[in-house]
Amino acid sequence: MHLSELQRLAGGTEADIADQILVSTDDPSVQSDLEASIAGATVVSGTGVSTQSVSTSSLALAVALTAFLTAVVVGVLFVATMMGLEILASRAELAVLTAVGYSQRSQALLVLTETVAVSVVGGIGGVGLGAGAIVVFNRFAARSFGVESLATFDPLLIVYGIAVAVLIGLIAAPYPIWLSRRTDVTEVLG
């Protein structure tokens, strides 16, 4: 693949500071093929004096999984605490709903819906802040270092962010539902 094509794929058509291309293979004939097809290129194999440490580990996957789990745990703790405080503050409204005939199941559904809605609004806000931060960071990198783009925003991140927010809301919901069931109508309205 020609360098200009790689730069276009990587989003670095204006300025690109990359000077190496990594090819990982077990085929020994690739080195001679690369030397023959790319004029002026220095091809270094993974053996010998100039060996560079190249790892095919799953570090990126491990970091991504750790970030996902951290986001879910922190999100669940935050949403559950916030919704728990909201349920405690709206005990009178829950007692009135019970007094007019709302079943515990209907109240649980109401609290679940509110918890997931708050979580989704937070997820949408987080996706928006993340996209904005990427734009600002890329402008800073272009101005300061002459690099066109260091970070990219895949539209699938919108779906991922909202899906994780729904998951957080569903996991966090049992605590506020439990608190809503503990509301004593006679104590609150009496």
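**Helix packing and side chains**

Modeller: Helix α3 (residues 59-89) packs against helix α5 (residues 104-145) at an angle of about 130°, and their axes are 11 Å apart. The model is predicted, so local features need pLDDT of at least 70 and side-chain atom pairs pLDDT 80 or more, while totals for chains, interfaces and linings use all residues. Residues are numbered from 1 along each chain as its sequence is written, and side-chain values use heavy atoms, without hydrogens or water.

The crossing of α3 past α5 is right-handed (the near helix is turned clockwise from the far one by less than a right angle).

A salt bridge needs a side-chain nitrogen of Lys or Arg within 4 Å of a carboxyl oxygen of Asp or Glu. By this rule there is one salt bridge. It joins the side chains of Arg 91 and Glu 187, at 3.3 Å from N to O. Arg 91 lies in helix α4 (residues 91-99) and Glu 187 in helix α8 (residues 185-189), so the pair links distant parts of the chain, 96 residues apart. Arg 91 is partly exposed at 26% relative accessibility, whereas Glu 187 is exposed at 53% (buried is under 20%, exposed over 50%, partly exposed in between, with a 1.4 Å probe and protein chains only).

Leu 157 is placed in helix α6 (residues 156-172). Its relative accessible area is 35%, so Leu 157 is partly exposed.

Notes. Helix = DSSP H or I, 4+ residues; strand = E, 2+ residues; numbered from the N terminus. Axes fitted to C-alpha atoms, helices over the stretch in contact; angles between N-to-C directions.
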